[in-house]
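Dear colleague,

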Amino acid sequence: MINYNELTVPQATIIQKELKDTVKITPYNGPLNYVAGADISFNKFSTTVYAGIVMMEFPSMKPVGYSLVKKEVLFPYVPGFLAFREVPALLDAWAQLPLKPDILVVDGHGIAHPRRMGIASHFGVLAQQPSIGSAKKKLFGMYEEPGMEKGSYTPLTDKQRQQLGNVLRSKSNVKPVFVSPGHLIDVPGSTEILMQCIKGYRLPEPTRLAHNAVNQFRTGIVPEGWTSL
DNA sequence: GCGACAG
DNA sequence: ATCTTGTCGC
């Protein structure tokens, strides 16, 4: 694999355009007994990132364990190129998993990206893993505000009206979340599965718990490695 | 030129 | 993303 730490943004753009053709948006019909959430944490101004993947049963959303790993990252945060900062560390955490989930939920967008290559799609292609992107803010596309009631959602599209995902009200009277397929799944499927991952909070359990885990890891509350719960 | 801009 | 206290509303 290429060393992302030595890439320039123009070079990263070329890589995204090449990987774009390998992303497969199709209905997911495989088993659905385990889902996992992936996220990254870091101290401001530091080049050390703390990556984590939390494994959980589906649809109970009971966590069964988590993989935590630390890594040095030099590629800067540039909107549209998040994958070049976080994917390498996430792949290390992924390799450390004793079992792989049926679906992986990544904190960020899937195909709802300028070149259809958000972090969820990027990771999905490299790991050859069905993935869903779940973001807290829009990066690309247009949409109408969904109803204020939990469960309401509207399509997120490009200017040609091609649907890239959905804007979902995961909790009543709270800002919506942006869902889009990453790889080996489609828009309806990613939206349906993500809705089942919501358990009373604005953010779906996979990324919510992954976020908590990487922060505890960063602050030294929990150790690096795989931990069974 | 101006506004937008995942984490 | 991270830092960080109080405050508003269900």
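This is a predicted model: local features need pLDDT of at least 70, side-chain atom pairs count only at pLDDT 80 or more; totals for chains, interfaces and linings use all residues.

Residues are numbered from 1 along each chain as its sequence is written, chains are lettered from A and ligands numbered from 1 in the order in which they are written, and side-chain values use heavy atoms, with hydrogens and water left out.

The sheet

An open sheet of 9 strands has the order S6-S7-S8-S5-S4-S1-S2-S3-S9, with mixed pairing. Helices (H or I, at least four residues) and strands (E, at least two) are DSSP runs, numbered from the N terminus, and two strands pair if DSSP finds at least two bridges between them. Strands S6 (153-157) and S9 (225-228) stand at the edges with a single partner strand each, so one side of each lacks a neighbour in the sheet. S7 (residues 163-168) and S8 (residues 177-183) pair in the antiparallel sense over 3 bridges; valine 167 has phenylalanine 178 in S8 as its bridge partner.

Strand S4

All 5 of the 5 residues of S4 (residues 103-107) are buried, so the strand is largely enclosed by the rest of the structure; buried means under 20% relative accessible area, with a 1.4 Å probe and protein chains only. Ile103, Val105 and Asp107 point one way from S4, and Leu104 and Val106 the other way. S4 runs parallel to S1 (residues 34-42), joined by 4 bridges, and alanine 38 is paired with valine 106 in S4. Another 4 bridges join S4 to S5 (residues 131-135), also in parallel, with aspartate 107 opposite serine 134 in S5.

DNA strand C

The residues around DNA strand C (a heavy atom within 4 Å) are Ser41, Phe42, Lys44, Lys136, His211, Asn215 and Arg218. H5 (residues 205-218) gives the largest share of this surface, 3 residues. Of the DNA strand C atoms within 4 Å of the protein, 92% belong to sugar or phosphate and the rest to bases. A polar side-chain atom of serine 41 lies 2.9 Å from a phosphate oxygen of DNA strand C; for lysine 136 the distance to a phosphate oxygen is 2.9 Å, and for asparagine 215 it is 2.9 Å.

With kind regards

How values were computed. Buried means under 20% relative accessible area, exposed over 50%, partly exposed in between (1.4 Å probe, protein chains only). Contact means heavy atoms within 4.5 Å. Axes are lines fitted to C-alpha atoms, for helices over the stretch in contact, and angles run from 0 to 180 degrees between N-to-C directions. A polar contact is a pair of N or O atoms within 3.5 Å; within protein, one must be able to donate a hydrogen and the other to accept it, and residues adjacent in sequence count only if both atoms are side-chain atoms.
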